[in-house]
Amino acid sequence: MASNLPSRRILGHLIQSCRQQHKHQHPSQKLFFSSVAAQRSVEVTHTGNDTDAVKTQSRLESLRSQLTEEDSSLHEFASLEPIVKRKKAPPRSAKILPKPKWLKAAPATSPKYQELRTTVRSLGLATVCEEAKCPNIGDCWGGGHSKNNPNSPDEAEHFGTATATIMIMGDTCTRGCSFCAVKTSRKPPPLDAEEPNKVAEAVSEWGLDYVVLTSVDRDDLKDQGSDHFRKVVERLKKVNTSKGKNLIVEALTPDFCGDLDLVANVAMSGLDVYAHNIETVERLTPRVRDRRAGYTQSLNVLAHVKTANPNALTKTSIMLGLGETDDEIRTTLEDLRKNDVDVVTFGQYLQPSRRHLPVKEYVTPEKFEEWRVVAEEELGFKYCASGPLVRSSYKAGEFFLKNMVREKERERMEAQAV
């Protein structure tokens, strides 16, 4: 009779398995577990006492009958419907608007482009043109060509100027803006102490008239790279001046976390144009830019440049197509003029990849022209470059030099009138 009793060890494993697989599944489960537990609690003795064996068998038969009456069995638990697990909804894919016909850039095939690219590779330099996937690299590096006849010999001399934007302090940024394709890291590689010499060598070899220096953010450094930036500008100026060249240097800088001493350090390096991009309107800044950037912080940077170096031109850039309104754009322009910013550029935001912010609108060339008129004629900016493919440093040499030619012509006309 004792041999018909179920093994306590087997029952123990069975109960544990049922608890793990069917927890909170069925109300009758509690009854099953309590019944089996009662069965396990039976003290089975093998002393040879027939009376104890009979009592034990009687209690087991009673428990089995109770289980049968309640229609609860192991088979029932094994056949219960499994717990339905909620599946995580798939992420919504960013809506990618089809690009309009006016957003077409020239292919990068010219000999000048190949020359600049070879030099960049040989010296181990980085350019924002490549890192940020700029669509204008072929046009800028190749020098570009004007479809219109130049209005003066001076202007003709500067049409076709090649513009390269060299990115110093490495190719890895410590910030992660939602619009930018440059790779990011909390601790990028250390700075290259030879970079000032390498940049000066490259620019001298290219024979450029105008060079734009930009950099990644380096929040990991104590001075955020301010001193390194200054050294590159100073070396560029020194090398080109020694060769009798009048190189124009534009520095497109980070915000240095709003540290105005670091801003002044770069502003007094001998540069000609100090650029810092405000990027978008105030409302969209927290969504578009890294959390360490700020709308007011950028305005303070641009304003302080003139305090440190009154002779420097200040410049900024605004992306359109992120969901901004006309009123917000005008307010941004007015804020820039209140802080004595000289030059502003407008360009179409283009989504680098699906993980970046989607384009809300493709702004027409006609609308870009309207903003140019507002900036130059209504608000008094010295110059405004505005167009779908315009970038902060897009054809910077041509834009800047053409504007200077206009200024000289205007001064000549005023002198004749007197």
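# Close-up views of a predicted model

The protein chain has 16 helices and eight strands, where helices (H or I, at least four residues) and strands (E, at least two) are DSSP runs numbered from the N terminus. This is a predicted model in which local features need pLDDT of at least 70 and side-chain atom pairs count only at pLDDT 80 or more, while totals for chains, interfaces and linings use all residues. Residues are numbered from 1 along each chain as its sequence is written, and side-chain values use heavy atoms, with hydrogens and water left out.

**View 1. The protein chain as a whole.** Of its 418 residues, 46% count as buried; buried means under 20% relative accessible area, exposed over 50%, and partly exposed in between, with a 1.4 Å probe and protein chains only. Among contacts in the protein chain with a separation of 6 or more, 74% come from residues 24 or more positions apart. Contact means heavy atoms within 4.5 Å.

**View 2. T174 in the loop between β2 and α9.** The loop that holds T174 runs between β2 (164–168) and α9 (195–206). T174 has a relative accessible area of 9% and is therefore buried. Its side chain is joined to that of D219 by a polar contact of 2.7 Å. A polar contact is a pair of N or O atoms within 3.5 Å; within protein, one must be able to donate a hydrogen and the other to accept it, and residues adjacent in sequence count only if both atoms are side-chain atoms. Leaving aside residues up to four places away in sequence, T174 touches S185, R186, P188, D217, R218, D219, D220 and R292.

**View 3. Y210 and E250.** Y210 belongs to strand β3 (residues 210–215) and is buried, at 1% relative accessibility. E250 is 40 residues from Y210 in sequence, yet the C-alpha to C-alpha distance is 7.7 Å.

**View 4. V232 in helix α10.** Helix α10 spans residues 226–242 and includes V232, which is buried at 0% relative accessibility. Not counting residues up to four places away in sequence, V232 touches I168, P196, V199 and L213. S269 is 37 residues from V232 in sequence and 8.9 Å away in space, C-alpha to C-alpha.

**View 5. S204 in helix α9.** S204 is part of helix α9. With a relative accessible area of 12%, S204 is buried. K243 and K245 are its contacts once residues up to four places away in sequence are set aside.

**View 6. Helices α14 and α15.** Helix α14 (residues 326–338) packs against helix α15 (residues 365–378) at an angle of about 35 degrees, with the axes 11 Å apart. Axes are lines fitted to C-alpha atoms, for helices over the stretch in contact, and angles run from 0 to 180 degrees between N-to-C directions. On the α14 side, D326, I329, R330 and L333 meet K367, W371, V374 and E378 of α15.

View 7. M169 is not a glycine but has a positive phi of about 70 degrees. M169 lies in the loop between β2 and α9 and is buried, at 2% relative accessibility. Q224, also not a glycine, has a positive phi of about 55 degrees. Q224 sits in the loop between β3 and α10, buried at 11% relative accessibility.
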